[in-house]
Amino acid sequence: YEKDLLTETSYLHLYNKSNTLLNQRQLRVFAALYEWRDKIARQVDESTRYVMPNHVLFRIAEVLATDVESVLASCNPTPPLVRFHANDIANIVLKAREDALPSSTPTLPIGIPEPKGSGMLSASPPDTLGGSSPYGRSPLESPPQ
């Protein structure tokens with residue numbers, strides 16, 4: 001059995017298969033933990049899911065566990081290698097949180113385009129508020145007679 005090569009975007013395959021939406025900070029933590037998990041799995045010649053099951057990876061990224069207690073509280077039961085490396089995991093989360101752009105908005109799964117414009121929805125489309133219209137008149141004006 002040959003293990004898949006780890007690339008800068010390998011974590012997106014797992015993320016896109018899930019129904020979980022993470023903000024930019026959480027996604028950065030998720031990517032860092034995914035890379036750590038792969039490295040440890042290769043060192044101990046175990047599967048990545050033995051090192052840290054997928055649900056634990058998502059949970060630690062969601063709660064942004066930055067200390068040993070919160071890492072251990074994020075998973076029940078706690079996998080042996082997560083318990084052993086809890087301090088390393090907390091430090092990885094802390095560093096990835098600091099490196100990430102601050103964001104509180106959910107990240108769209110890859111392949112779904114971001115909305116155009118400012119990202120804010122107005123109560124009414126702009127051309128129904130008396131602005132210019134592609135038809136030469138405002139939609140609020142009476143049709144020519």
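## Backbone exceptions in the loops

L64 is located in the loop that joins α4 and α5. Its relative accessibility is 15%, and L64 therefore counts as buried, the cut-off being under 20%. The backbone of L64 has a positive phi of about 55 degrees, although the residue is not a glycine. These values, like the others in this report, refer to a predicted model.

D45 also has a positive phi of about 55 degrees without being a glycine. D45 belongs to the loop between α2 and α3, the latter spanning residues 48-51. The relative accessible area of D45 is 62%, so D45 is exposed, the threshold for that class being over 50%. A further backbone feature concerns the peptide bond from N76 to P77, which is cis, with omega near 0 degrees. P77 is found in the loop between α5 (68-73) and α6.

## Overall architecture

The protein contains seven helices and zero strands. Read from the N terminus, the order of elements is α-α-α-α-α-α-α. Of the 145 residues, 33% are buried. The accessible surface comes to about 10000 Å², and carbon and sulfur atoms account for 53% of that surface.

Among contacts with a sequence separation of 6 or more, 60% involve residues 24 or more positions apart.

## Packing of α2 with α4

Helix α2 comprises residues 24-44 and helix α4 residues 54-63; the two pack at an angle of about 140 degrees, with their axes 8 Å apart. The helices α2 and α4 are therefore oblique to each other, since an angle must be over 145 degrees to count as roughly antiparallel. Their crossing is right-handed.

On the α2 side, the contact is made by Q26, V29, F30, L33, Y34 and R37. The α4 side contributes N54, L57, F58, I60, A61 and E62. By class, the residues of this contact comprise eight nonpolar, two polar and two charged.

## Packing of α1 with α2

Helix α1 covers residues 10-17, and within α1 the residues S10, Y11, L12, L14 and Y15 are buried. The buried residues of α1 pack against both α2 and α4.

The angle between α1 and α2 is about 120 degrees, and their axes lie 9 Å apart. This crossing is right-handed. S10, Y11, L14 and Y15 of α1 meet L27, F30, A31, Y34 and R37 of α2. Seven residues of the contact are nonpolar, one is polar and one is charged.

A41 lies in helix α2. With a relative accessibility of 1%, A41 counts as buried. The C-alpha atoms of A41 and M52 are separated by 9.0 Å, the two residues being eleven apart along the chain.

H85 occupies the loop between α6 (80-84) and α7 (86-99). The relative accessibility of H85 is 14%, so H85 counts as buried. When residues up to four places away in sequence are not counted, H85 touches W36 and I40.

Technical notes:
Residues are numbered from 1 along each chain as its sequence is written. This is a predicted model: local features need pLDDT of at least 70, side-chain atom pairs count only at pLDDT 80 or more; totals for chains, interfaces and linings use all residues. Side-chain values use heavy atoms; hydrogens and water are left out. Axes are lines fitted to C-alpha atoms, for helices over the stretch in contact, and angles run from 0 to 180 degrees between N-to-C directions. Helices (H or I, at least four residues) and strands (E, at least two) are DSSP runs, numbered from the N terminus. Angles under 35 degrees count as roughly parallel, over 145 as roughly antiparallel, 65 to 115 as roughly perpendicular and the rest as oblique. A crossing is left-handed if the near helix is turned anticlockwise from the far one by less than a right angle, and right-handed if clockwise. Contact means heavy atoms within 4.5 Å. Ala, Val, Leu, Ile, Met, Phe, Trp, Tyr, Cys and Pro count as nonpolar, Asp, Glu, Lys and Arg as charged, and the others, Gly among them, as polar. Buried means under 20% relative accessible area, exposed over 50%, partly exposed in between (1.4 Å probe, protein chains only). Accessible areas come from the Shrake-Rupley method with a 1.4 Å probe; for residues, only the protein chains shown count as cover.
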